Amino acid sequence: MKTRQRITTARVLPDNGNNNGWYNLLPPPPPARRPRPHESAHWAIIGAGCCGLAVARQLAAHRPQDRIVLIEAERAGFGSSGRNSGFMLNVHTHGTAKDLGLIRRNMRLWEGGLEDLRRLVTEHRIQCDWSDWGRLYCAAGPEGENHMSEVAQSYDRLGLAYEWFDRAAMQGATATPFYTMGIRAHGSALVQPAALMRSLAETLPDNVDLYEDCPVNEITKGRGFELACSGNMVRAEKLILASGVFITDLGHCRNRMVPVGLYSSLTRPLTATEREPFRGIDEFALVPTSPNGSTVRLTRDGRILMRNGFIYATDKRFGPGGLKDARRLHREAIGRRWPALADIEMADTWGGTIAFTRNDGAIFGKLGENIYGVVTSDISPVTRGTMAGKLLADYVVGADSELLRLQFGIPKAGLLPPDPLLRFAVNFQFRRIRASGALEV
Ligand SMILES: Cc1cc2nc3c(=O)[nH]c(=O)nc-3n(C[C@H](O)[C@H](O)[C@H](O)COP(=O)(O)OP(=O)(O)OC[C@H]3O[C@@H](n4cnc5c(N)ncnc54)[C@H](O)[C@@H]3O)c2cc1C
């Protein structure tokens with residue numbers, strides 16, 4: 001009797017062109033490995049972001065005899081996990097924390113992910129500019145200041161230490177009078193995200209085969225799974241989707257997340273003359289309290305990272321027009337803070353997609369027979385995603401732990417309305433954020 005077949009064709013495949021400022025600073029990678037024709041494995045994981053890398057590592061440790069293939073559409077370190085602002089957070093809260101219990105539970109997961117990353121960086125001597133500088137929440141006007149008070153209240157209620165920075169202290173830390181107030185928080189780390197992700201991929205256990213530049217465009221489910229990618233077919237008994245916001249394009253978790261496109265630019269290194277006003281400042285990392293604000297870093301090699309601008313990004317693509325506008329806005333934002341740098345050349349400008357859920361909920365667990373999924377979202381995603389990936393591997397092999405139970409205690413990502421209603425609601429909210437936080441950009 002013929003086994004029933006169900007075929008999923010990917011609606012959108014990742015395509016970030018050549019833009020990712022962090023990745024483009026790295027030496028060129030060795031040629032990508034591709035699957036052999038008619039390859040088979042016990043497990044296939046789609047997506048080598050922070051989640052997929054963590055699933056692969058932990059699954060390999062649980063099942064050293066199993067063959068695991070990790071399939072990535074672009075290069076490891078090139079997707080969202082390697083194109084973010086590099087904050088590896090132990091806790092994060094925008095505004096007043098509504099559900100302290102949920103944040104406390106999340107904190108165990110964020111901190112666990114951060115500790116795992118710290119351990120892996122040490123164990124494998126990963127060169128990713130790891131720094132324990134922490135972060136500085138910043139505000140530049142009344143709207144940001146209101147949010148700052150809410151952040152302070154949340155920290156107080158969580159019993160976390162922080163220091164208030166007045167305008168002078170902000171200027172001392174950032175070499176600009178732009179900011180009116182700040183909160184210095186400790187415990188989180190900073191990284192060069194593309195370097196971290198690429199190295200995590202390079203140091204995977206021997207029973208994991210990583211295939212890159214290899215988009216999976218079709219999944220056929222019969223007795224097992226057949227994945228069509230780059231003209232080849234990979235067969236696997238079990239499938240794990242760690243494909244970030246693209247999980248919906250593979251037919252799962254639709255209407256559970258809002259794909260938001262964010263833009264970033266990285267300047268060339270500042271010259272010695274340009275560095276002069278920053279004398280005594282090795283680095284800084286600013287997180288805006290206003291949702292409209294800019295994430296800004298001075299990196300250790302003397303570049304400015306500017307991240308602002310957001311769009312509803314259903315197609316997860318960043319065309320030349322949007323990138324050109326973003327670059328101009330980023331240069332203006334740098335000029336408002338450091339007028340002498342108003343015309344600085346950008347080494348690169350890029351876009352990236354982040355998933356937001358309605359309720360800071362989780363996308364984690366079983367999606368169907370022998371198919372599982374994990375996506376990280378919302379606040380502090382990379383540390384949380386690293387832990388969620390590891391816990392998914394525990395779950396699929398039947399291992400139990402307190403953290404796994406904690407992960408299952410995080411509410412599932414709530415259902416969202418479909419487009420065009422969602423698009424309308426998100427764009428309405430974005431317009432409100434832009435108008436109220438105009439001074440913070
Ligand atoms: C500009 C920006 C700044 C950010 N700043 C921070 C920050 O400072 N700190 C923080 O914690 N988070 C930050 N984030 C968010 C964070 O980067 C993401 O939420 C997180 O990396 C998502 O991880 P993931 O593993 O779920 O997905 P991804 O990193 O997106 O990984 C999924 C992978 O799956 C691959 N894939 C998808 N479909 C297919 C397919 N069909 N076939 C094969 N492969 C496929 C993709 O190419 C991708 O590499 C930021 C995001 C952006 C865009």
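Buried area is the accessible area, taken with a 1.4 Å probe, that two parts lose on being put together, summed over both. I begin there because the size of an interface is often given as the accessible area lost when the parts come together.

The model before you is predicted: local features need pLDDT of at least 70, side-chain atom pairs count only at pLDDT 80 or more, and totals for chains, interfaces and linings use all residues. Residues are numbered from 1 along each chain as its sequence is written, and side-chain values use heavy atoms, with hydrogens and water left out.

Let me turn to the domains. The protein chain is divided into domain 1 (6-82 + 194-257 + 360-423) and domain 2 (129-187 + 263-358 + 425-440), with bounds that come from an automatic or database domain assignment. Their centres, taken over C-alpha atoms, are separated by 29 Å. Between them, domain 1 and domain 2 bury about 2,400 Å², 54% of it on carbon and sulfur atoms. In contact (heavy atoms within 4.5 Å) are 35 residues of domain 1 and 26 residues of domain 2.

Which salt bridge do we find in the model between aspartate 249 and a lysine? The partner is lysine 316, at 2.7 Å, N to O. A salt bridge here is a side-chain nitrogen of Lys or Arg within 4 Å of a carboxyl oxygen of Asp or Glu. Across the interface of the two domains, the rule finds 1 salt bridge.

For the whole structure, the search gives 23 salt bridges. One of them joins arginine 33 and aspartate 209, with the closest N and O atoms 3.1 Å apart. This pair links distant parts of the chain, 176 residues apart: arginine 33 is in the loop between β1 (6-9) and β2 (39-46), and aspartate 209 is in strand β9 (residues 208-211). Strands are DSSP runs of E, at least two residues, and helices are runs of H or I, at least four, numbered from the N terminus.

Arginine 33 is partly exposed at 41% relative accessible area, whereas aspartate 209 is buried at 15%. Buried means under 20%, exposed over 50%, and partly exposed in between, with a 1.4 Å probe and protein chains only.

Glutamate 402 and arginine 108 form another salt bridge, at 3.2 Å between the closest N and O atoms. Glutamate 402 lies in helix α9 (residues 402-409) and arginine 108 in helix α2 (residues 100-123), so the pair ties together parts 294 residues apart in sequence. Glutamate 402 is partly exposed at 48%, and arginine 108 is partly exposed at 37%.
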